[in-house]
Each structure stands twice: as structure tokens, then as C-alpha cells.
Amino acid sequence: MASQEIPCNDSKQEFFGKKTCCVITGASKGIGRTIVVELAKWFSESNSDDSKSLTLVLSARDEAALNELASNLRSEHGIESLVVKGSLDDTGVLESFEQTFEKLSSLVPPFDKVVIIHNAASLGDPKQLVEGFSSHDLEQIDGYLRLNVSSVIALNGAFLTKFAAIEQKAVINITSLLAIQAMKGTSLYSIGKAAREAYIRALVCENPKVRVLNYSPGPVQTDMVVPLANDSHNQAFFSNKANLLTTLQTVTKFVGILKENTFENGATVDYFGRLKIEDNN
Ligand SMILES: NC(=O)c1ccc[n+]([C@@H]2O[C@H](COP(=O)([O-])OP(=O)(O)OC[C@H]3O[C@@H](n4cnc5c(N)ncnc54)[C@H](OP(=O)(O)O)[C@@H]3O)[C@@H](O)[C@H]2O)c1
């Protein structure tokens, strides 16, 4: 049976439960930071009677940026955050996540909803063509995949296991059109995003009760596109600001999708309305 035919029993429910925990990687800047800010605003607006609580787990390498964000969330919205600092390709950081999940899963009363947003990613060297790889680059290739694929698999496994007792779970993967479309110089990036989407299909197949979404944000003006704009095979496109969305534009769309909550479980939705991969064929 195709995974899409299996209904997810969470599809009609609100994004925020009575007591929600939301984990987000790559929260220090760019799209991830704006997701946190906009989710916090939405939560505050929808919680006028203070009947709900939201706990955030913010992760990235830039601890100062995460602490500043956590402090703003506390003062502006009364939202508490935990910070998990470090590089996602570091086993010790993944162990910190496991300890954090364990602590959060033992709280009383328990969370009734837990969400993880796999947003962190790296671009790689956008100048490196496929013939530019050789035996000397195995470590670089492994390192890229460790950060952008392996860590997602390990972190998500820990999330599902440690929060096994919590019925309402949602997993969101920030993907890219490059998961299904080639662009000169970004083969590793495409491979990473395609592998993450394949992993998400397996997740939906094996865990039909988990609410799952791939969101593809479109080309967005963040630090990630700076090397593409400055020196790449796609410089003309990425150096033209008219081609790039702001983080607020894409995150407003993303939050709108979560508010509506009518997407097919496991769907890939992008800023420009690509509802499913099949729709592109
Ligand atoms: N911008 C675009 O045009 C575009 C298009 C399609 C898809 N996307 C996707 O959108 C997501 C966000 O990208 P963005 O444009 O916002 O990029 P960004 O501004 O470069 O932000 C990337 C985030 O990931 C974190 N990160 C990077 N390396 C990390 C590591 N080794 N360990 C832990 N965290 C790490 C960064 O934090 P630290 O540096 O503090 O660690 C940062 O918070 C990514 O999945 C990207 O592939 C972006």
C-alpha cells in the first residue's frame, strides 16, 4: 500500500496542543530563526486565555544567537526554550539531544504534542562539479552526508523513541527543489535533500500516525545563498535579489500551511505550490 493512502489521525487537529514541545535545528539564523519567531507569534495570538504552553528546543552552533533568541521569546511571549548547542555531526551533540528529550519526556503533566523541524543544512562547495570529486574527497563527501543526512536519521530516531509515549507527533523536513532537480555545482546538496525525502517516505510508511511534511522554501535571501551569489555556476540567478524571497515571505507561507493543516501526510509542499513530487511530472 502506498504510504499516502494511509490516513494520519492527526490531520484535523490543531498544530499546537495544550502542552506542546517544538524542536528546531538551525534556529540561530535564516529561515530557521524566522520559523521560531513566527511560530512564537502564532502561539501567542492563539493563546489569549493562557490555557496552552509551548516549550522550544533551539539548536545550532552559534550559542550566543540561540541565547539571544531564547531571551526574546521569554520576554516577548513568555515562551521557555532549551538550547542544544553544537554541530549536528558531533555524536556528543546528538547525545545532548537524547538527554534533553529524556528530560522533557518525563515532565508531569506530559506534553500532549511534540514536533521536530529538521531545518539545519549546509550548502557544500557550490563550485565543485561532479568530475571534481576523487578518492581524496571521500572524507569531505562523508562529512557532508553525515551532517545533512545521517544526523537527521539519528536525531529523528531519538525523537521518536524518547517521545514514544506521546501520541501526537509531527516531523517536518525543510527540503529543496534541488531534491528532484539538478543544478550545476550542487550535486552533494541535491543528494542530501533527496536522501532526506527518501527517509521521510520511509518514516511515513512505518509510522502512519505521525504527521509529516516536507516544506520547500524556494530561493531565499539567507547566508546560505551568499556563496551562490558571489562565486558559483548560478551566480546570475542568485545575485539578482529580485529572484530571492525574504525569510518572512517563505515562513509566512510555511506557517499558513501548518495553520490550514490539510496537507496530505508526507507531502512535499513548496512556496510556489508544488503540492507533491508527482505533480511536477
Ligand atoms: N536559502 C535558500 O534559498 C534555501 C532554498 C531551499 C532550501 N533551503 C533550506 O532551508 C534550510 C535553512 O537554510 P537557510 O537558507 O536558512 O540557511 P542559513 O541561513 O545558512 O542557516 C542554516 C542554519 O543551519 C545551522 N547549521 C549549519 N551548519 C550546522 C551544523 N554543522 N550543525 C548545526 N547547525 C548547523 C546554522 O546555524 P549555525 O551556523 O549557528 O550552526 C543555521 O542556523 C536548509 O535546510 C536549506 O537547505 C534554503
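Student: What does helix α5 span, and why does that agree with 1.5 Å a residue?
Tutor: Helix α5 covers residues 187-206, and its end C-alpha atoms are 29 Å apart. Helices here are DSSP runs of H or I with at least four residues, strands are runs of E with at least two, and both are numbered from the N terminus. Please note that this is a predicted model: local features need pLDDT of at least 70, side-chain atom pairs count only at pLDDT 80 or more, and totals for chains, interfaces and linings use all residues. Residues are numbered from 1 along each chain as its sequence is written.

Student: Which residues of α5 are buried?
Tutor: They are Leu188, Tyr189, Gly192, Lys193, Arg196, Ile200, Leu203 and Val204. A residue is buried if 20 or more other C-beta atoms, placed from the backbone, lie within 10 Å of its own, exposed if 12 or fewer, and partly exposed in between.

Student: Why would residues some places apart point the same way?
Tutor: An α-helix has 3.6 residues a turn, so residues three or four places apart point the same way.

Student: And which residues are exposed on the other side of α5?
Tutor: Ala198, Ala202 and Glu206 are exposed there.

Student: What do the buried residues of α5 pack against?
Tutor: They pack against α4 (138-162), β5 (168-174) and β6 (211-216).

Student: Why does Tyr199 count as partly exposed?
Tutor: Tyr199, which lies in helix α5, has 17 C-beta neighbours inside 10 Å, so it falls in that class. Leaving aside neighbours within four places in sequence, Tyr199 is in contact with Val152 and Ile153; contact requires C-beta atoms, placed from the backbone, within 7 Å.

Student: Changing topic, how many residues surround the ligand?
Tutor: There are 28, and the closest are Gly26, Gly30, Arg61, Asp62 and Ala121.

Student: Lastly, how many helices and strands does the protein chain have?
Tutor: The protein chain has 8 helices and 7 strands. Of its 281 residues, 37% count as buried.

Terms used. Expected span 1.5 Å × (residues − 1). Contact = placed C-beta atoms within 7 Å. Near = placed C-beta within 6 Å.
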